[in-house]
Amino acid sequence: MTRMKRLPVAITDFRAIRDGGYVYVDKTRYIHGLLRAKPAHFLSRPRGFGKTLLLDTMERVFRGERELFKGLWIDSSDYDWEPFPVIRLDMSGTYRSVPVYFEADLIRALDEIAEVRFRVELSGMTAGERLKSLVSSVFEERNRGGVGRRDPAGVVVLIDGYDSPVAGADIDDRAAKGIRSVLAGFYSALKSSEERLRFVFITGEARFGRTSVLSKLDRLNDITLRGDCSSICGITPEEMESCLGGHLDAVLRSLERSGEAGRFPDRDALARAVLEWYGGYSWDGRSTVLCPYSLLSFLSDKAFGAYWSRANPPSFIAELIRRHGSESAFLQRKISIYERHNTVEIGKAKPAPLMFQTGYLAIRKAESLPSGRRILLAPPNHEVRSGLFSHLLAGGDGDPFPLWEAADRLRKALTDADSSAAEEGFETLIGCLSRGPHVPLERVCLDAFFFCAGMLGHPLELEVSSECGRVYAVLDIPGGDIHSVEMQYLRLPRRGKGGGPAERGPARAAGEAPGSRPPAGGRARGGAAGLAAPEIQALLDREAREALGRLADRGGLRKYQGSRKKVRKTAIVVCEGIHVRVAFKKAGRGGPSLRSPGPGAGPG
């Protein structure tokens, strides 16, 4: 039996991987392609996607260490393995956040490279002048004795985490702008040294605007969204099978021993689950990759977990979305931006571009329009989606487990068409997501609905065309039914305004009901006109039947005609005070499934 190679979790040294018998997913074909293209490139990718390993691999290629590449794609290519001097800088190191001290730290790092690696002395007062001096000194040292040669060997510059000094500071702080000014002068030194450079490669998370840190490098080739480089970082599904298939088999055997194999009846089912958890990242709208850090951690631990999300908590992202008042767009997964707007500016960060660049959104589709190339974005997978939705809806406060548990109970209730359990699940979610009287309860109810679908990764569509009109929402549960949903919100009459009937409105209407639970005693909060619990239950039952009737009047869903799955008509009625009624009816079969209030039945 062939022994499996080890998993390189968090290992970014190419030599250590090759000499230590670790798995290496071959990316040398992409490196070779870049060497034949323009001499200066920029790549933006989130954390955990192997940018540092990519730069380390490039460094070994340029230093001519061919023995490390035996059996890899580039070893059998036409690359000539001529060695070049390589200047490599890691900008994610420890740098102080005060601009003058930051520049001193940067100068110290350049002096150390000059002394230890190349044994040359530098001149210049600023970091930019020091970098220009380093490139010039290394170039002259490398080509000494080669006077008159037609093609002198240039210097290779590799910079990792170019944005880290700015991203590490407060984006609204004056210090961040001061550091940006230092970096702009530093990177402009590469512009004035172009004739001495063989190759430049710069990586980072943020893709700053052209007027920012890299503004002087006008010939920098941005490959972030280029289709032929979309898989340069990350692991494709095909690479997972070819390089890590044995480890997937090991996970399946581990699940069988622990009695959890029923969740994944075969290897294909496990692979699909892995893609749903850790895949879905795309930078061209066509090909997708998995997050290397999450995938390798999963294979090592042999258990699903939120590895990347724990290392990159979305607290700042969620707060940024709330500040821009765009929560509903992200919950509904209706996010689109033009490619020319896919940049961030210091102190002016917008949610969609920043979330895309940091890995919380991925391209689902790219369209070429007369006004420009538009990209449609959505959370890439279950791992990212669950972390984002927990922080976005619960504010990141406290333990998110109750949200997970309530959402999963609600999913099971919808799958089983269990009205009582579905009502309990909605009431629990609404209670968890209520954020004080300033947020209308209608908004919280919608959040609960979107949260269940978004956190669990179920396809959710709004305003879907039917034979006679539009259906409010359609929820497609894998392994269950397609739910055609009508959602209704009821406002109870107020004291002093008569005992008229409850006001009725669609869930998407804005209201003024406070978002909190009813007091003991079963009466609706907020001045309800003396309605007892049985009266509220009867009101909810009547409204649920009418909602199912409206769904029946609209006919079948055009998009799902011919589908083998059953379409279940589902009515969700919420009354202020968090009283919920859920009713089901399969298309063309029987009547609504309404539970009768038992002795203990009452408001949530």
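The model is a predicted one. The buried residues of H14 are Pro351, Ala352, Pro353, Leu354, Met355, Phe356, Gln357 and Thr358. Just after H14 comes Gly359, with a positive phi of about 100 degrees.

Most residues other than glycine have a negative phi. Arg119 is not a glycine, yet its phi is positive, at about 55 degrees. Arg119 sits in the loop between H4 and helix H5 (127–142). Its relative accessibility is 73%, so Arg119 counts as exposed; the cut-off for exposed is over 50%. Lys302 has a positive phi of about 55 degrees and is not a glycine either. The loop between helix H10 (292–301) and helix H11 (307–311) holds Lys302.

Now turn to helix packing. Two packed helices are described by the angle between their axes and the distance between the axes. Take H4 and helix H7 (residues 174–192). Their axes are 9 Å apart, at an angle of about 35 degrees. The crossing of H4 and H7 is right-handed. On the H4 side, Pro99, Phe102, Glu103, Leu106 and Leu110 take part. They meet Ala175, Gly178, Ile179, Val182, Leu183 and Phe186 of H7.

Helix H2 (residues 28–35) and helix H3 (residues 51–62) form another pair. Their axes come within 11 Å and cross at roughly 60 degrees. This crossing, too, is right-handed. H2 makes the contact through Thr28, Ile31, Leu34 and Leu35, and H3 through Leu54, Thr57, Met58, Val61 and Phe62.

Go back to H4 for a surface feature. H4 covers residues 99–118 and includes Val100. Val100 is exposed, with a relative accessible area of 55%. Val98, Val100 and Tyr101 form a nonpolar patch on the surface. Together, these residues have about 280 Å² of accessible area.

Another tyrosine, Tyr472, lies in strand E10 (residues 469–476). Is Tyr472 buried or exposed? Its relative accessible area is 6%, so Tyr472 is buried; the cut-off for buried is under 20%. Tyr472 and Met487 are 15 residues apart along the chain, and their C-alpha atoms are separated by 7.1 Å.

Notes
Residues are numbered from 1 along each chain as its sequence is written. This is a predicted model: local features need pLDDT of at least 70, side-chain atom pairs count only at pLDDT 80 or more; totals for chains, interfaces and linings use all residues. Side-chain values use heavy atoms; hydrogens and water are left out. Patches are made of residues with over 30% relative accessible area and no salt bridge: like charges are joined within 9 Å, nonpolar side chains (Val, Leu, Ile, Met, Phe, Trp, Tyr) within 5 Å. Accessible areas come from the Shrake-Rupley method with a 1.4 Å probe; for residues, only the protein chains shown count as cover. A salt bridge is a side-chain nitrogen of Lys or Arg within 4 Å of a carboxyl oxygen of Asp or Glu. Helices (H or I, at least four residues) and strands (E, at least two) are DSSP runs, numbered from the N terminus. Buried means under 20% relative accessible area, exposed over 50%, partly exposed in between (1.4 Å probe, protein chains only). Axes are lines fitted to C-alpha atoms, for helices over the stretch in contact, and angles run from 0 to 180 degrees between N-to-C directions. A crossing is left-handed if the near helix is turned anticlockwise from the far one by less than a right angle, and right-handed if clockwise. Contact means heavy atoms within 4.5 Å.
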